[in-house]
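User: Could you walk me through reading a ligand site and a helix pair in a model?

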Amino acid sequence: MTGPANRSDIDWTEVAEALAPVEVIDETVLVRKRSRDFFWYSPILNAQLKKCFGDLVACPGTREEMAHCLAVAHARDLPVVLRGGGTGNYGQAVPLMGGLIIETTGMNRILEIGEGFVRVEAGALMADINAALAPEGWEMAMFPSTQDIATIGGFVAGGSAGIGSIANGALREPGNIIGLKALSVEATPQEHVFEGEDALQVHHAWGLNGAITEVTLRTVPLRDWIGCMATFDSYRACYAAGYALAVSDRIGRKLSSTVDARIVDYFPRLKGHIRSEKHLLVALVPREDMDAFEELIAERGGTVDLALTDEERQEKAIPHVFEFAYNHTTLQVLKADRSATYQQIGVPDASDDGAVAAIAEKLGDDVWPHHEFARLDGKVVAFDLPIIWFRDEARLREIDATYAAAGFSVADAHTYHVEGGGLKNADYRHLAWKKRMDPKGLLNPGKSQAWDEVRDLSPEAIEAKAKG
Ligand code: FAD
C-alpha cells in the first residue's frame with residue numbers, strides 16, 4: 001500500500017521537533033499564506049482550491065536540510081508539497097491533502113558561472129540569477145515575467161517558456177536545461193543527476209517526482225536591451241507587426257507580445273506614456289537594432305511611443321516592459337476587476353493574422369486577445385492568453401469550443417491536474433521516475449490522475465506505457 005497518511009492522524013508538533021534543526025513555520029496564518037499560489041486567476045480553481053491548506057512549513061537552507069525534511073516525511077508518510085515562489089497559475093503548489101510544505105527559497109546560492117552556463121541552487125530567484133550573470137556578460141536564455149519572486153526550481157518544475165523564448169525556444173528544448181539534481185523521498189534520500197535530455201524526466205512534473213536541489217542552465221551573451229512600446233490603430237496590424245518582429249532576421253528580440261487596446265486600458269502605469277485607446281506591441285530589442293525596429297513599426301502603420309533603457313525606465317517609475325506581457329497582462333486586469341480570467345490558446349498558423357482577426361469576431365466582446373510569440377522546435381509560434389470576462393463555466397467551455405472548431409488548440413488553464421493543461425496526456429516518463437524517486441507517492445498527492453492507475457506497477461512497466 002502506498003500513499004500519504006491521513007493528516008488528522010499526524011502529530012504535527014512531533015513532526016516539527018523531528019525536523020530540527022530545519023527552520024519551521026507553524027503559525028496558521030503564515031502556513032495558509034504559503035498554501036496558495038496564483039490559482040485564483042481561475043474562478044473554477046478558486047472555488048476548488050481556496051480551502052486547501054498545508055499543516056506545517058519547513059524551510060531548508062541546504063541540500064542536507066532538504067534531505068532531512070524528505071526523510072522525516074518518508075518515515076511518517078507525510079503528504080509533501082515543494083514550494084518555490086508560489087507563482088504557479090494552476091494550484092501546482094497547493095497542498096490538496098494538507099501536509100508538509102517545503103519552501104526552497106533558503107537554498108538560493110549561485111554556485112558557478114561559466115561560458116554559456118550557470119549552476120544554481122533550486123531556490124534561487126531568477127532576478128538574482130540574472131543580476132549575478134550581468135557583470136559577467138551573460139543572461140538567462142529565458143525567464144518568466146515573475147522573475148522577481150519565482151525560483152528557478154519552480155520554473156523548471158512548473159513553467160514552460162518566457163522572456164527570451166522568442167530567440168531561444170521553450171525551456172524543454174535541447175540545451176536550455178543542461179542538467180539538474182533531485183532528491184528522492186526515501187528513508188535515506190538519494191540525489192539523482194539528470195543530464196541533457198534526461199532533465200526532461202523532471203521538467204514540468206510539478207514536483208511530483210523528486211525535489212530539485214540544483215539546476216544548470218544555458219546562458220546567452222548579455223545584450224543592451226531597450227524596452228519598447230509601439231501602438232497601432234487595429235489589433236490585426238499590431239499582431240502582424242508582432243509576428244514580423246518575431247520572424248525578422250535583421251532585428252534581435254527577446255520579447256514580442258501584442259495586447260488589445262481594451263486590455264491596455266487596464267494599465268494605469270502606462271497612462272501618459274503611450275497613445276490612449278490603441279493596441280500595444282511590447283518588445284525588447286537590442287540597442288543596435290532600434291533603427292530597424294522603428295522602420296518595421298512605421299511600415300506597419302504603428303508608432304514607437306516608448307523606447308527605454310532600464311535606467312530610464314526606473315527614472316520614470318515604469319515597470320519592466322515584460323510586466324505587460326505573458327501572464328502579467330492578466331494580472332494587471334485582475335488588479336482592477338476580479339471577474340476577469342484567461343485561457344491558453346495555441347494559434348494554428350502564427351503568420352495568419354486573418355485567422356486571428358476572424359476568431360476575434362466569432363468570439364464576441366467577452367474575449368479580448370493578447371498574443372505572445374515564441375520559438376518552438378525552431379519555428380515561430382503564437383499563443384493567445386486572452387482576457388475572458390467570466391460568466392460561468394458553460395460559457396468558458398463554449399469559448400474553448402469556438403477556438404477548437406476554428407483549429408486553435410486549448411491548453412486548459414482551469415485544471416489542477418498535471419495531465420489536464422498543456423500536457424494533455426499522462427507523461428509516463430515522469431511517472432516512472434516518480435515510482436523510483438517517490439515510491440510511497442507522497443509528493444504533491446492528488447495532482448496526477450494517471451498516478452492512481454500506475455502506482456502499483458514497476459518503473460519499467462510504467463515506462464513501457466510511454467512507448468506503447
Ligand atoms: P511554484 O509556484 O512555487 O511551484 C511551481 C511547481 O513547481 C509546483 O508544482 C511545485 O511543487 C514545484 N516545485 C517548486 N520548487 C520545486 C523543487 N525545488 N523541486 C521540485 N518541484 C518544485 N510561467 C512561465 O512559464 N512563463 C511566464 O512568463 C510566466 N509568467 C507568469 C506571470 C504571472 C503574473 C504569474 C502569476 C505566473 C506566471 N508564470 C509564468 C507561472 C510561474 O510564475 C512560473 O512558472 C514560475 O517560474 C514558477 O516558479 P515558482 O518558484 O513560483 O514555483
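User: Which residues come nearest to the ligand?

Analyst: A residue is near a molecule if one of its heavy atoms lies within 4 Å of it. Of the 38 residues around the ligand here, Leu82, Gly84, Thr87, Thr151 and Ala161 come nearest. Mind that this is a predicted model, where local features need pLDDT of at least 70, side-chain atom pairs count only at pLDDT 80 or more, and totals for chains, interfaces and linings use all residues. Residues are numbered from 1 along each chain as its sequence is written, and side-chain values use heavy atoms, with hydrogens and water left out.

User: What lies 2.6 Å from an oxygen atom of the ligand?

Analyst: Look for polar contacts, here pairs of N or O atoms within 3.5 Å. A polar side-chain atom of threonine 87 sits 2.6 Å from a ligand oxygen atom. For threonine 146, a side-chain N or O atom is 2.8 Å from an oxygen atom of the ligand, and a polar backbone atom of glycine 85 is 2.7 Å from a ligand oxygen.

User: How much of the ligand's accessible area does the protein cover?

Analyst: Areas come from the Shrake-Rupley method with a 1.4 Å probe. The ligand has 970 Å² of accessible area on its own, and the protein covers 97% of that.

User: Which element gives the most to the shell?

Analyst: Helices are DSSP runs (H or I, at least four residues), and strands are E runs of at least two, numbered from the N terminus. H6 gives the most, with five residues. Strand E3 (80–83), helix H6 (152–158), strand E10 (211–221) and helix H12 (326–336) each give two or more.

Note on methods: A polar contact is a pair of N or O atoms within 3.5 Å; within protein, one must be able to donate a hydrogen and the other to accept it, and residues adjacent in sequence count only if both atoms are side-chain atoms.
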